[in-house]
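Subject: Structure handover and salt-bridge findings

Dear colleague,

Please find the structure below, as a basis for our further discussion.

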Amino acid sequence: MGFATDCIHAGQEPDPSTGAIITPLFQTSTYVQEGLGRHKGYEYARTQNPTRRALEKNLAALEGGTDAYCYASGMAATHAVLSLLEAGQRVVVSDNVYGGTHRLFTKVLSRCGLQFAFLEASDAAALDARAGDFAMLWIETPTNPLMKICDIAALAEVARKRGAILAVDNTFLSPFLQRPLALGADIVVHSTTKFLNGHSDSVGGVAVVRSPGHAEALRFYQNAAGAILSPFDAWLVLRGTKTLALRMPRHEENGRKVAEFLRGQEKVRKVYWPGFPDHPGHDLQRRQASGFGSMITFDLGGLEAARRLLDAVRLCALAESLGGIETLISHPATMTHAGYTQAERDALGITDGLVRISVGCEDAEDLLADLRRALDGV
Ligand SMILES: Cc1ncc(COP(=O)(O)O)c(C=O)c1O
């Protein structure tokens, strides 16, 4: 089936008891058993839930995986994937990842004996030379918030040589634009909170896998640790993915208009967006994805200028998160990347003047007017 058809149908059958076209919301904690050891395959709702399972099948199809497991948040999905490792093992991480991922790795999982090395990953050969041995390579591409592009196929090879897992956080692009498993990645993670749900009304996460061993381990962890996606959130995300193939082209079109507009503004020092032909990762992005996305970071030169813009926007909502149908604008240094120390942010170039925008599906002219007016006061 085509991608849009899978968005609408994969994992979902009309409800056998009523014919309801929409997968019911199985808001239940348990299932009545016919007799001891005799049941319909459902025992307890942490372990199995039909609404959650429908979403998992849907997301596995969209990412081209064999299976998927959904968790209470993107961070819970990330934690689940790291549970595949054992104390003493080493993880190499692309160096500007979501601040919450950095915080989980450096402040929580490092206490459990995992070792983390954060390396520049947009040059796969350089990473190969510097990385040493590792059990997992964790990347985001485009990176967050500096929009560097990492070569998924080349990094899959770097991981494969070491018998390591390549995990890709595909939250920024969604499977509509980029399918890492087809490029050789082993696991794809999403914060379903973002483009997959798309409507800013649910928090969740998913890990999509290719190997039956990883599937079994993630299913086991889901039940054992219990950070499951709730039935209602699963139902909302299922509704969200139905329109993913309709929303993404609009995000993409508006993203381009906003990026080009920002680049023409005197007060904007630099715009980070891989769709510009002079972006160092532009050609790679053209090869490995079918678009550039609607995540844009731009530099206003300092905290005060960023503050003035963020205080002045009206239609663009000053908010954490991304991938909603509404345009969201944020300040990485104090919001999404506050989990990094000032020194770490300085080393990465996440300066106080950076502003990140997740361009939504409004009329582009209205977004440009809002940004133009706000920039006037900067
Ligand atoms: C790229 C990326 N990955 C993971 C997460 C974490 O997801 P959640 O907020 O659903 O836990 C986020 C959250 O902003 C994100 O931007």
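This is a predicted model: local features need pLDDT of at least 70, side-chain atom pairs count only at pLDDT 80 or more; totals for chains, interfaces and linings use all residues.

Residues are numbered from 1 along each chain as its sequence is written, and side-chain values use heavy atoms, with hydrogens and water left out.

The structure contains 18 salt bridges (a side-chain nitrogen of Lys or Arg within 4 Å of a carboxyl oxygen of Asp or Glu). One of them joins Glu-120 to Lys-148, at 2.8 Å from N to O. This pair connects distant parts of the chain, 28 residues apart: Glu-120 is in the loop between β3 (115–119) and α5 (124–131), and Lys-148 is in the loop between β4 (136–140) and α6 (152–161). Helices (H or I, at least four residues) and strands (E, at least two) are DSSP runs, numbered from the N terminus. Glu-120 is partly exposed at 26% relative accessible area, and Lys-148 is partly exposed at 24% (buried is under 20%, exposed over 50%, partly exposed in between; 1.4 Å probe, protein chains only).

Within helix α6, Arg-160 and Glu-157 lie 3 residues apart, about one turn of the helix, and their side chains form a salt bridge of 2.8 Å, N to O. Arg-160 is exposed at 55%, whereas Glu-157 is partly exposed at 37%.

Finally, Arg-52, Arg-53, Glu-56 and Asp-67 are joined in a salt-bridge network.

Yours sincerely
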